[in-house]
Amino acid sequence: MLQIILAILAFGMLVIVHEFGHFITAKRGGVQVNEFWIGMGPTLLKKEHNGTLYCLKLLPFGGACVMEGEDEDSESEHAFGKASLPRRMLIVAAGALMNFLVGFLIVLAVIQPNGPNGGYIVSTIDSVDPASTAAAAGGLQAGDEILEVDGYNILMRSDFEIALARGADTTYEVVVRRDGEKITLPAVVLEATIEGEDGRKMIGLTFAEQPDSIGMHINMAVRTSVNYARMVWASLGMLVTGQVGVDQLSGPVGVAEVMATTASYSIAAFLQLVAFISINLGVMNLLPLPALDGGRLVFLILEGIRRKPVPAKYEGYIHAAGLMLLLALMVYVTGQDILRIVAGG
């Protein structure tokens, strides 16, 4: 029960962070915020302060920052539509930016060195076994920093295994940085042919360990955060191409269940998951779909191109339709989450 409560609070916190991004940039930009919600559904508590009605809702999933003239025309000088175009774009993007920032700060706080000597293992090769196929083919050398494998960017040591798993055979195009220059090796054979002391087959590459330092710690936190965002994009690509189905999506209930399970293992793993979800929310909200922040940014970009805004009522209709579809999807995935939990229980 404690893990479930912790998961719900963490998920709710990420939503508050997102909405607070919109709220603070709107307030600082002179835009009137009429309502600020935490949660969804029936209102439990409400209080008005400085022209803004603050509401605490029953359901801990969701929230809203309702600005004057956001989806309709308004004559108020503090309406959203009266702000400059760059300011409006910043207000719309601020929620996702806050999620990215919080995700990065959590990663920065919990990331630990992954090397045996207390440092970080990155994608620079320390040594190549002379018996390895990579060396025999005249490809990789000690000191090479692996940048890409078959077009897959290598940000971290773990990306190397992911790139190999994506390949259909054992020959890869590898891009490395060698002596400050980018070099493309068109046919590097990466095959586990060397038998280790424990009997396992190995490729024959070892990777260098960088000493822990403030700069390296920040570097790895940035790489990890970017990797989280890339994982979200990769998952979306799999959904669009049909590699995974809509029935495999998880809603708030499924996410909370995974968070609660992770919290039972370790607080560090739980916080890393919270960071991943925060960055996930940031990426998802920037998708160019109606009702999402990315959809609103599309209309603002169109305004910049056309030199005049799309009429607020038409934009409102499109966002309302998108919201209905989004709510329908949420109901569906929540139902799937509940069925999975019941079946598993």
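Axes here are lines fitted to C-alpha atoms, for helices over the stretch in contact, and angles run from 0 to 180 degrees between N-to-C directions. With that in hand, welcome to the close-up views. This is a predicted model, in which local features need pLDDT of at least 70, side-chain atom pairs count only at pLDDT 80 or more, and totals for chains, interfaces and linings use all residues. Residues are numbered from 1 along each chain as its sequence is written, and side-chain values use heavy atoms, with hydrogens and water left out.

**View 1. Helix 2 beside helix 8.** The axes of helix 2 (residues 85–110) and helix 8 (residues 293–306) come within 9 Å and cross at roughly 165 degrees. Helices (H or I, at least four residues) and strands (E, at least two) are DSSP runs, numbered from the N terminus. Helix 2 and helix 8 are therefore roughly antiparallel to each other; angles under 35 degrees count as roughly parallel, over 145 as roughly antiparallel, 65 to 115 as roughly perpendicular and the rest as oblique. The crossing of helix 2 past helix 8 is left-handed, a term used if the near helix is turned anticlockwise from the far one by less than a right angle, with clockwise giving right-handed. On the helix 2 side, the contact includes Leu 85, Arg 88, Met 89 and Ala 96, and on the helix 8 side it includes Asp 293, Arg 296, Leu 297 and Glu 303. Contact means heavy atoms within 4.5 Å.

**View 2. Helix 2 beside helix 7.** Here the axes of helix 2 and helix 7 (residues 267–285) come within 8 Å, crossing at roughly 160 degrees. Helix 2 and helix 7 are therefore roughly antiparallel to each other, and helix 2 passes helix 7 in a left-handed crossing. Among the residues making this contact are Ala 96, Asn 99, Phe 100 and Gly 103 of helix 2, together with Leu 271, Gln 272, Ser 278 and Ile 279 of helix 7.

View 3. Look for Ser 225 in helix 5 (residues 214–240). Ser 225 counts as buried because its relative accessibility is 10%; buried means under 20% relative accessible area, exposed over 50%, and partly exposed in between (1.4 Å probe, protein chains only). Leaving aside residues up to four places away in sequence, Ser 225 touches Phe 104, Val 107 and Ile 279. Phe 11 sits in helix 1 (residues 2–28) and, at 8% relative accessibility, also counts as buried. Between Phe 11 and Ser 278 there are 267 residues of sequence separation, yet the C-alpha to C-alpha distance is 8.6 Å.

View 4. Strand 6 (171–178) and strand 7 (181–189) pair in the antiparallel sense over 7 bridges; two strands pair if DSSP finds at least two bridges between them. Within this pairing, Thr 171 stands opposite Val 189 in strand 7. The two strands form a hairpin with 2 residues between them, and Asp 179 in the turn has a positive phi of about 55 degrees. Most residues other than glycine have a negative phi, and most peptide bonds are trans. Asp 179 is exposed, with a relative accessible area of 77%. Strand 6 also pairs with strand 4 (residues 145–149), in the antiparallel sense over 4 bridges, and the bridge partner of Val 149 in strand 6 is Val 174.

**View 5. Strand 3 alongside strand 10.** Strand 3 (residues 120–128) is mostly covered, with 7 of its 9 residues buried. Strand 3 pairs with strand 10 (residues 205–210) in the antiparallel sense over 5 bridges. To find your place, look for Ile 125, which stands opposite Phe 207 in strand 10.

View 6. Arg 307 lies in the loop between helix 8 and helix 9 (312–344). Its phi is near 70 degrees, a positive value in a residue other than glycine. Arg 307 is exposed, with a relative accessible area of 77%.

**View 7. The whole chain and its confidence.** The chain has 9 helices and 10 strands, and buried residues make up 40% of its 345 residues. The mean pLDDT of the chain is 82, and 84% of its residues reach 70 or more; pLDDT is the predictor's confidence in each residue, from 0 to 100. Among the elements of the chain, helix 2 has the highest mean pLDDT (94) and helix 6 (residues 252–263) the lowest (66). Where pLDDT is low, the predicted coordinates should not be read in detail.
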